[in-house]
Each structure stands twice: as C-alpha cells, then as structure tokens.
Amino acid sequence: MATTDYSSVRKVLVVGAGVAGLQAARHLLSAGFKVVVLEATEDVGGVWRQNYVGYKLQMEYDLYVFPDFPYPSHLQPKDEVPTGAEVQAYIKAYAEKFGLLSRIRFHTKMLQLRQAPDGHGWTVLCQDTRRQETLQVSADFVVVSNGLYSHPNVPHYHGQETFKGVKIHANAFTDTSIVRGRDVVIVGNGKTAHDCVATVVASKEASSVVALYRNLHWPIPRHVCGIQIRHILFTRATSAMLPPYYTARGPRAIMSKACAPVKRLWWGFLEGYIKHKFPLSGGAMKPTISLPGDFFMSGKILEDDHHMLTASKQLRICMGDIQAFTQHGVLLRSGECLKADAVLFCTGFAKVYDYLSGDVKAKLGLYKDGLYLYRHLLSPGVPNLCFLGSEVSTFNSVLTHGLQALWLTNLLTGALKLPTRAEMQADVMAQRDWRCKVMPGQRQRGSSVMLYMQDYHDQLVADVGMSPRRKTGALKVFSEAFKIYSAKDYAGLFEPGLKENERAQARRKHTVELKAARAEAAMQTATMHSAEMHSPAIESAAEVAAGMQSADMDAMHSPDRHSAAIQSFATQPSAMLSSAVQSAAMPAAGVQTAGVQTAGMQSSATQSAAIQSAAMQAAGVQTAGIQIVQSAATRSASLHSAEMNVVHSAAIHSAAVQYAAKAAADMQSADMHVVHSAAMHSAAIQSAAMQSAAMQVTESSAMQTAAMHSAAMQTADIQSAAKHAAAIQPLAPQSAAVSVPVSQAV
C-alpha cells in the first residue's frame, strides 16, 4: 500500500493559537506554506490566557521554554515557578517575535470540518463570534491544535436544576469574591483541585471548605532528599524503571525484566518517602493505584509545605461521590448530605469531536479511552488531518509540541516519508495494546505519555533523521542517563544559524534520490550484459548517465554537437580528465579483456586471445562503429584520413564518458559505481569497435592508430588530438601499454 503524497499541499489551516498552534504556524510559515490560524478567543495563549485564581506552572520555567525562543531578559520570571500571567506574556512575545499575530483570525470558532469528496482538502465552517457571521475557509491540510483543555468537563447530576447556589468549572474561577461568605464544595483531587483549595483557604473568604474526591492520588513533593523532583523523574534512568516502551526490542526488553527487583525497590522508596513527607493517615487516605501508574492519571506536584494546608481547621477532606443535588447542597452516595451554596468542579476537560462528520470519525477510530494516532499526530485513515498538541500529554508540553511541529514540517516538505498505511495502523494497534497493559484505564489514556516523554521525543527526533542522543561533553554517557533533557538540548534542530535541520532534510532527500537512481541503474546494467544487444546497450548506458546529470548534459549526446562537445571538454582541468579516464580504464571483470590497455599488460598469448574475443563480440557493432567514425569525420575540418577518423571517434566517446563520470562524481559520490559501470562498458565496446575498424583499413593504419596513445605522438595532427592522453600519463602509468602496436600485441 502506497504512502501518502503531500507534494500538493500549499494552504494549511491551524485551529488554535496556544503553544501548539503557534509553533505549528511558525515552522510551516518558515517552510513556505500559506498558513491561516483560527482562534476562538481574543488573544493567543490557550489555557494560559485565562484560568483559575493562582494558576501557575507545575515545574520550573526552564522546563517550559520554546526550543527556538528562550525567555527574553525582560520577561524572566521572578520565581523559579512562574505565574500564569508570566507564562502568557512569554507566549505573546513568541507570537510577536515570529510575526504570527497577522496570521491569526481571532474571535473565530470552528463549527464543522468537512472533507472534500475526493479526500483531498477540507472545507471549514466557522463563526465570527463578534459579528455572529458564518464563514467558510478551504485548506489542503488541517492542523487541530486546540489542546487538551479547551472543553471543560462538568458532570451532570440529578436535581442540579433545583440547586440555588453557584456551580462553576475551575477555569471560570477567576475571582475569589465568588466564594465570599459561602459554604464551598470543591470536587476533584488533581493539581487544579489542590490549587483551588489552597486559594480558597488562604483567602479566608469562604465560610467553610470541603474537598470532595472519589479517588486519592499520590502527591509528589517538589524535593526528595533535597534534590528537585524533576532531576529524579524526568531522566532516562527513571524512564528505565518503568515497563519498557512499546517499541522496545531485544536488549532493552531483556534488561527490563532482569531489573524488575531494582524497579520495585526504586518505586517502593519513593512511595515510602511521600508517605513520610505527606502523612496519609487512615485507610481512606491511601491511594489505590501504585505511584508509577498514578503518574499517567494525575502527576500533581505539590509544594513542600502542603501538609500545613491539610491541617487547616477551615478545611474538611471527604472521600465520596455525588449522587444528586438538593436545593442547599449535594447528596453523596453514602447517604451523607453536604451543605453548600457554591460547588467548584475541578474535574478536568473532555475531548470533543462533534465538529467532524460521522464518516471522518469512523475513519479516525475513536475509542472510549481516547484517540490513538500514529506518533500522536496522524490517523492512518485520515492522513491530511493532524492533531498537533491536542492528543498528547507530557510534563513538558511546550517542548513536545515544538518537536511535533518540526516533525510535521518535515513531513509536508517531503523530507520525512511515512510508512505504508498498513504499517502505520499496525504501530497504532501495538501502541494501544501496550497502553492497556501498563496504564490504568481513563478517558484520555490514548493521549497520556507523561514519564515516557523521553521515549516519545526520541521517536520524533529519529523520524526527522537526527540523533535522539543529544548530550555532549566528557561525561556524555552519564549525562544521557541521569541528566534532564530540556529545550536547550534540541536547539540545534530549530536555530536557523546552525542549519542542522536543513542538513537532515537534505540527507533524507539525497537518500531517496540515491535509491531511485540505484533501481534505474540496476535495470540498465542488466540490459547492457546481454551480448546480442551491444549497440542498444551503449545508448542505454548513456541514458543512465544522462538521467543523473543536469539538463544541459543531454545536449552532449547529440551527434550533431560532437565537435562542440570536444571543445567543451578541452576546457576541463587535466587532473579532472585524468581521474575520469583512469576510472574508465578499470573495466568490470566481465569485459576487461576487451580493453587494449589491459591487453598490453598481459602475456602475448593472453593478449591475442583477448583481442580476438573482443573483436568477435564487436562483430555485431562494427558497421555502427564505422558509421560513427564517418559521422565524426564529416564534422572535423582538419582531419580527413581513416586513421584520424578513428582517433576522433574515440576522443568524442571517451570525452563523453569522462564528462559523465565527472558530473556523477560531483552530484552523487555515493553512487559513483553506477556511472563508472556504464562508462566502463561503453569504453570497452568502443575500444573493440575501433580495433575492428582499424583492421579493415591496413596494418599500417592500425599501427598508426595504436601509436597515437604513446608518449612519442609521432605526427602533429595526432599530437593535437591526444593532448589529454599525454596529460594523464603521469597519473596513470598503465596507459603506457596502449603504445604497443596492435600487430605486436597479436
């Protein structure tokens, strides 16, 4: 099954102007594509544009950096962990730096994405939310970058219409005045829920606060034994403590099983430390999922003083599930009723695909636990629709999205070639089977990467032809295993000054061209080995050489331009001609006896048999050789004798072979043997034709013809024609054998 061809893609539509959409637009624009970005709100930034009170990064800011745009000095965060507003300002600066704002259509919401009837291209129905106008946009390729946090997940409960209090999702909790004087129930137990609990308790505006959750997740301290948690979790060494990645084969899979006891000790140590750091009193406070498994569901990193929050008298922690709403509170499944007049849902976000038609959704292959894609980007069934940043979750999303944007740009420019659709589908299914074994069930399991982040980044980098191992220095092996990877390690892939990515694209393109050239050359070589078709083989060999050269080389094969060709070759450096002729003088084993040079180095008996054999093989082409000689004679005003006709014919063909070999060496050094092979066959057959033609004249003519190649060069006319042969003798001592008269060799 053939791979998808993206050569016709010109216009790309990007949906969303968050960190994923902006990076996609930036790299596609730099590659020459026409890009339009749709953004439903009034500004860039996505989830960072607006969120709950007190929102900020989980990690230090150097792990949330655009690979091609470090924090400017005037935007450096005040603390190691920046606020949401500081991150938003940084994202806005990125958009301004690369001129992306003019490419974005703000206040424009995508309503429907329709695939063209032939499967190529899209029609996008969208709405201008300010003017309430419906618009239509067309594109060759669509990139969905609306992220994982664009549709708040608010569960529906029986009786909630009768509730007289306030119900809001966390992303709308932008002001603590909402909870002033109220009994507040905060639903959820992820990072957002903990931040909201801390904010409400610290504000002291609420009358009471209840933290309600169904399942307890492991709290991750910012430091372990004085070491920042990022230096412990986000390394290849810790990744090796997990079940092997779905692509792991051979030694890594074997080592993973052999290290099982070490893995249990490692995770047991971390769990014990967390229990000591954040006392989990009572059976109800004990997580039911192991620590490594919980990372794929929550992965909440808390401040070291979090235990002081849980000790607050204003806060009650309650494990339970809401069954229904009442007018003045919520009823739990346990039968307990919690008094409340404000309910804050910290229940995450949901993935919505209602903008897609039924047939497109069927091709995507949606599952209950998420959407499974090739490299978390493409569906094998819908290859002209990409989900960049919206179907992958890691601890360093801005870097992940940057590498995805790089991968996509290489794909659309042709530098990256996809496997067949069947191979892609097999990869997707292998990935899904693996996830079901190593990750707990949840609604977005298909997009969860988390601690396998480095394995995923390695895949993306390797796909674009670069080395995933990017650490340098004397302790490179140690750094690869135990040092954290950040945007700085990938700067060479993105910075235009280094041109590393451009070199990668050129190498991949060159590889594709070499494979095509080798396939064509193999077919031509097979034809040339047929003894009954020597004359067509000469033409085929010339075509193989011509197919690998520039367009102006074609003119050199026209008989009407032989004279001009000789003049052009005369301008080439003698060393270049020497190298080309020397290569042509090393024929393949199957035809080496046809060359007079080689014959001159053999014993006289072997020489006689070799030349007689060559003459027999050339019998079918003698007439054509004589015609070539005569044709060359009519175009040379200064040469009239039959002997000089042979000389000029040899010079013409030898020069053509020399030019082809030189041009092939400049363009495709890796495939030099293809051109040399064609040149060797052609030179050998031409040499045999010359010998046969010379025999038909006179023995004296044959002796003069052979003597042309000697260092003496006895006649003035022959000296003019053999300038290049004389120039190469110091570099090719074997050519002295040519000076032996044919009569003596026989």
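Start with Phe141 and Trp407: of the 117 residues in the largest nonpolar core, these two touch the most other members. A nonpolar core here is a set of buried Ala, Val, Leu, Ile, Met, Phe, Trp, Tyr and Cys residues joined through side-chain atoms within 4.5 Å, and buried means under 20% relative accessible area, exposed over 50%, partly exposed in between (1.4 Å probe, protein chains only). Next, select helix 11 (residues 397–413), which supplies the largest share of this core, nine residues; helices are DSSP runs (H or I, at least four residues), strands likewise (E, at least two), numbered from the N terminus. Then pick Val137, Ala139, Val142 and Tyr355, which are among the 23 residues of a second, separate core.

A quick note on the model: it is predicted, so local features need pLDDT of at least 70 and side-chain atom pairs pLDDT 80 or more, while totals for chains, interfaces and linings use all residues. Residues are numbered from 1 along each chain as its sequence is written, and side-chain values use heavy atoms, without hydrogens or water.

Now for the rings. Select Tyr61, Phe66, Phe69, Tyr71, Tyr90, Tyr94 and Phe98: one aromatic cluster. Rings of Phe, Tyr and Trp (its six-membered ring) pair if their centres lie within 6.5 Å; planes under 30 degrees apart are stacked, over 60 edge-to-face, the rest tilted.

Zoom in on Phe66 and Tyr94, both buried. Their rings are stacked, 3.8 Å centre to centre with 15 degrees between the planes. Phe66 sits in the loop between strand 2 and helix 2, and Tyr94 in helix 2, 28 residues apart.
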